[in-house]
Amino acid sequence: MSQSKIIGAVEIGTAKTVVLVGELVGDSTCNIIGKGACSSQGIKKGEVHDFKAASNCTHAAILAAEKSAQVTIDSIYLAQTGRHLKGSFNRGMAQVSSSHNIVGRQDIERAVEDAKCKQLPVERVYIHHIRNPFYLDGQQVDEPLHMEGSRLEVGYWSVHGSERKLSDQIRVINAFGLNVEDMIISSIAAGSMVTEESEKQAGVLVLDIGCGTTDYVVYKDGYIVQTGVIPVGGDHLTNDLSIGLRVNRKHAEYLKLNYGHALVNKKARDEKVWLIGDFTIGDRNLPRFAICQILNARLEELFKIVKKELGRLGTRDYLPAGVKLVGGTSQLPGIDLLAGEALNLEASLGRSPDWVQEGLRGPDYSTALGLLHYALTGHQDGDVQQTSSKGLLRKVARMLNLNFS
Amino acid sequence: MPPSNKSKSSQATNRSWRQIRQAAPNNSVTVAAQKRKRIQLIKASATLVGLVALIGGITWGVTAWKSSGAMLELSDHNDPIRRILFETDGTLNETWLAQKLSIPRGTSLTEVDIFQLKQGLETHGQVFAAHVERHFPDTLFIELEERMPSARLAVQGEFGVLETLFVAVDGTVYPSQHYDSGFVKTLPYLDGVKLAKLDSGAYKPIRGMDEVNALFGMARRDYPDLAESWRIVSLKMVTPEASPFPASLIVRPRKGPELVFSTTDYRQQLEKLDVILRDLQRRRGNAGLQDIESIDLSLRGPAVVSFGKVARR
């Protein structure tokens, strides 16, 4: 009989906190057995600004998810975003020590250690070390062990963040009596769900345009070669509409969701839309052209920032599979067309695989689904230190629903 | 000593988010967390209670299974009785018991009808109550509560042999060979008694023994010298249907006058008798009681002292 483990995938977003409950059975099955969501408070651009408010909404979402699943969550997989997250590519090198120039385990370990040993400033901690392909005497190899060569190189995309900001999010989870078992950045989680292996091999960009931030991940040759966070999201669109049209944020959000379009249609220049629609005091006509123009300008700017961040990686040659858009803002009509135009890439809306049940295929759940996928595959390379659940005391504690820190 | 810069920088090098300390706060920050904590506490308590109940149940089950196994084992053995434990508060002994029980050798404990044994033992007049128990695997336990005699009867047996019967406090009449002769001599003989037998062969209990016991008990306690000489007590007048006179006990000492007591107030009558005897002793010396035939204390008012023929002359 396989032992099952109940995990919670938590994405504390700027607009919404989403929780999915998964039951890991053995090493190959994850049943999604519950979900919960709550409007976020105390979160700005993916970072905790009000601990109490953030805890309130996160705990409510977790409790709702536990209630819908009728189980108690054992541990949490937490998505991370925020502009404090940075990434850097570090290359490590080792001379093959064998007299016959055959690569041994020790050679690989030395190359890996060399790549990972880059010092970070104080107050910064690593989140991921994502391995890129090995190079043996300049040639890319998938598995260098027992191959012949003299110089072994390996690259790691290392993601690090502010210890204090990470600690804030961890404490929010801890305050609910749960431990964070693993932490995955949002773009990787979402990317793992909306891209296929062939697209990762060819080269693809995944843009997760959320409320407060836009997270991106670039895949090439099946590896993650770059990630990043741009502190621009759907909230900026709302804010721009609010200022540009002189309406309050509530009405601006209403206009964005109901009449917004990423492209400016010059033929619809004379089209008017009602601000409220019920002829009450304050209700007035607004040109839809203006709404689209404001949204278009901000989105174009966002894509320009993305293109700039990607640099040489953002070309059609490097990313033949194009760009996949996910996240709440990706639901804005025409955004894929604008992205394709602005980034000069094939653009499409990311969609979770068919095996995901209909209610969870939307862009809202792609990050949380990615966390569960990550928990199942558990393929985080590098500094993973799995929390041991072995031992009689821990088993008894688990039976009694107690937590060991 | 403060850490060196070198160690500080090396600390920063390989730090992972996993080194951030995770610990649940003592107080729940949010209502949801409090609610979850409560639910967890209830669940933990329920699990604990369930575990304790399960362990208790298993322990009880194992104990019960073991003990029932032992019982089955004994009953399967069907051992014959090897020992009879006998306890009594009287004078009956193992020899008498063996004759009375007459259990065939090799009889198993389960074959013995202990209720029948009890009834059999209680048919003997000396046995007031019998208690019989099976002590597995091979022991029969018998405990007797015996009657104590308060008087004796001299009757003529079938072949003209004088036989002594004993009369217990409750009037039960029974023969016995198990009393010490010294003790037997202290018992008064009963007179004026008509013995009758029941269908079971036992004697019909004698009425009036409670009066004999009350009088002798008080006399032995308060006037032991006096009571010691009382040899025969007659119950002829104790039953109202036998006589138109009030119920009375007639006591005949070894020497001296016959004493007549009414069954009403023995204390007053004994005091009166003591006064009379002392007075006679004081007035007449050693010959004081020689010619006195009876002293009747049963009448209201003064006692009647009857003198013999010599005295009357």
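Mentor: Angles under 35 degrees count as roughly parallel, over 145 as roughly antiparallel, 65 to 115 as roughly perpendicular, and the rest as oblique. Keep in mind that this is a predicted model, where local features need pLDDT of at least 70 and side-chain atom pairs pLDDT 80 or more, while totals for chains, interfaces and linings use all residues. Residues count from 1 along each chain as written, chains are lettered from A and ligands numbered from 1 in written order, and side-chain values use heavy atoms, without hydrogens or water.

Helix 7 of chain A covers residues 249–259 and helix 8 of chain A residues 288–310; they pack at about 95°, axes 11 Å apart (axes are lines fitted to C-alpha atoms over the stretch in contact, with angles from 0 to 180 degrees between N-to-C directions). Helix 7 of chain A and helix 8 of chain A are therefore roughly perpendicular.

Who touches whom? From helix 7 of chain A come A:Leu255, A:Lys256 and A:Tyr259, and they meet A:Arg288, A:Ile291, A:Cys292 and A:Leu295 of helix 8 of chain A (contact means heavy atoms within 4.5 Å). Sort the residues where helix 7 of chain A touches helix 8 of chain A and you get five nonpolar, no polar and two charged (Ala, Val, Leu, Ile, Met, Phe, Trp, Tyr, Cys and Pro are nonpolar; Asp, Glu, Lys and Arg charged; the others, Gly among them, polar).

Elsewhere in chain A, A:Ile62 makes contact with A:Val10, A:Val19, A:Ile73, A:Ile173, A:Phe176 and A:Leu178, neighbours within four places in sequence left aside.

Definitions and conventions. Helix = DSSP H or I, 4+ residues; strand = E, 2+ residues; numbered from the N terminus.
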